[in-house]
Amino acid sequence: MVAVAFLVGGWLSARSLEKSGIDGQNAWDLLTWCVIGGLLGAKLWFVAEELTREPTATLASTLFSRGGLTWYGGFLGGAIGGLLGARARKLPLLQVVNAAAPALAASQAIGRIGCFLVGDDYGVRTNVAWAVSFPKGLPPTLDPVTGAAFSVHPTMLYETLWLTPVALLLWLRRGRSPFLFGEYLVLAGIGRLWIEVFRRNPDFVGVFSNAQVVALSCIVLGSAGWLWQRAHAAPVSSSAAK
């Protein structure tokens with residue numbers, strides 16, 4: 001699913017670059033940078049989280065586990081890799097990040113299906129009709145006392161259900177938004193704030209988990225960037241919006 005996510009993201013980014021007058025082949029060239037940076041960032045963020053909150057975790061067990069690709073780490077690593085690649089190829093950074101916005105939402109939605117299939121990043125216990133048990137998940141949803149399986153919120157699919165229409169909206173907003181990447185940050189952050197209510201992550205700052213703090217930061221940065229671009233960017237022509 002991670003491979004599918006990267007391929008879909010590359011195709012969407014290529015079409016968006018072409019819409020802004022840039023050769024779409026650049027998206028596939030940048031994809032290598034994003035894959036390397038994204039996978040490294042996702043794994044290293046997961047390792048850092050596990051080593052700080054799980055007393056029994058070791059570097060080897062976390063680094064070589066079959067799961068453990070944290071989205072925020074992947075986003076940060078992929079963004080760094082993509083921006084370095086764009087800079088090396090002397091591409092306009094604003095157009096590149098805006099072209100990546102719909103692709104990021106779509107890729108994240110697909111990648112979360114992979115989390116569901118491996119039984120990773122699920123939510124708290126629940127008895128709702130759509131609850132799922134992961135007896136071989138990471139970690140397994142097994143009661144430590146009785147060994148019986150229990151059901152949890154499939155929060156990975158919640159994120160897929162949220163980000164799929166977000167990706168469609170951002171796709172339709174190409175050429176109309178003053179800062180499409182900012183809209184992605186805001187919408188992805190809002191979704192994560194809501195979904196974290198059903199997650200099992202511990203509080204990090206006050207009542208907010210680590211992911212919620214990052215989500216709030218994305219909302220603030222995305223809003224500020226959108227307002228700044230709206231105030232300073234040239235008006236979008238009617239031909240560009242078509």
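Reader: At 42% relative accessibility, what does W194 count as?

Author: Buried means under 20% relative accessible area and exposed means over 50%, with partly exposed in between (1.4 Å probe, protein chains only). At 42%, W194 therefore counts as partly exposed. The model is predicted: local features need pLDDT of at least 70 and side-chain atom pairs count only at pLDDT 80 or more, while totals for chains, interfaces and linings use all residues. Residues are numbered from 1 along each chain as its sequence is written, and side-chain values use heavy atoms, with hydrogens and water left out.

Reader: How are the rings of W194 and F198 placed?

Author: A pair of aromatic rings is described by the distance of the centres and the angle of the planes. Rings of Phe, Tyr and Trp (its six-membered ring) pair if their centres lie within 6.5 Å; planes under 30 degrees apart are stacked, those over 60 edge-to-face, and the rest tilted. By this rule there are 7 aromatic pairs. One of them joins Y122 and F134, which is stacked because the centres are 5.6 Å apart and the planes stand at 15 degrees. Both partners sit in the loop between α5 and α6, 12 residues apart. Y122 and F134 are buried. For W194 and F198 the centres are 5.9 Å apart and the planes at 85 degrees, so that pair is edge-to-face. F198 is partly exposed, at 23% relative accessible area.

Reader: Which residues do ring pairs link into a cluster?

Author: The cluster consists of F116, Y122 and F134.

Reader: Which charged residue sits over the ring of F150?

Author: A charge sits over a ring if NZ of Lys or CZ of Arg is within 6 Å of the ring centre and within 35 degrees of the ring normal. The charged end of R125 does this at F150, 3.8 Å from the ring centre. R174 lies over the face of W171, at 3.5 Å from the centre of that ring.

Reader: How many helices and strands does the protein chain have?

Author: Helices (H or I, at least four residues) and strands (E, at least two) are DSSP runs, numbered from the N terminus. The chain has 8 helices and 2 strands, in the order α-α-α-α-α-α-α-β-β-α from the N terminus.

Reader: Which residues have the most contacts inside the largest nonpolar core?

Author: A nonpolar core is a set of buried Ala, Val, Leu, Ile, Met, Phe, Trp, Tyr and Cys residues joined through side-chain atoms within 4.5 Å. The largest has 24 residues, and Y72, A105, V166, L170, F181, Y184 and L185 have the most contacts inside it. Helices α4 (71-88), α5 (93-118), α6 (155-172), α7 (180-195) and α8 each supply at least two of its residues. Apart from it lies another core of 9 residues, including L17, A27, L30 and L91.

Reader: What is Q229 in contact with?

Author: Contact means heavy atoms within 4.5 Å. Leaving aside neighbours within four places in sequence, Q229 contacts L94, P178 and F179. Q229 is in helix α8 (residues 210-232) and is buried, at 15% relative accessible area. G225 lies in helix α8 too and is buried at 17%.

Reader: To how many disulfides does the count come?

Author: A disulfide is a pair of cysteine sulfur atoms within 2.5 Å. By this rule the count is 0. C115 is buried at 12% relative accessible area, and C218 is buried at 11%.
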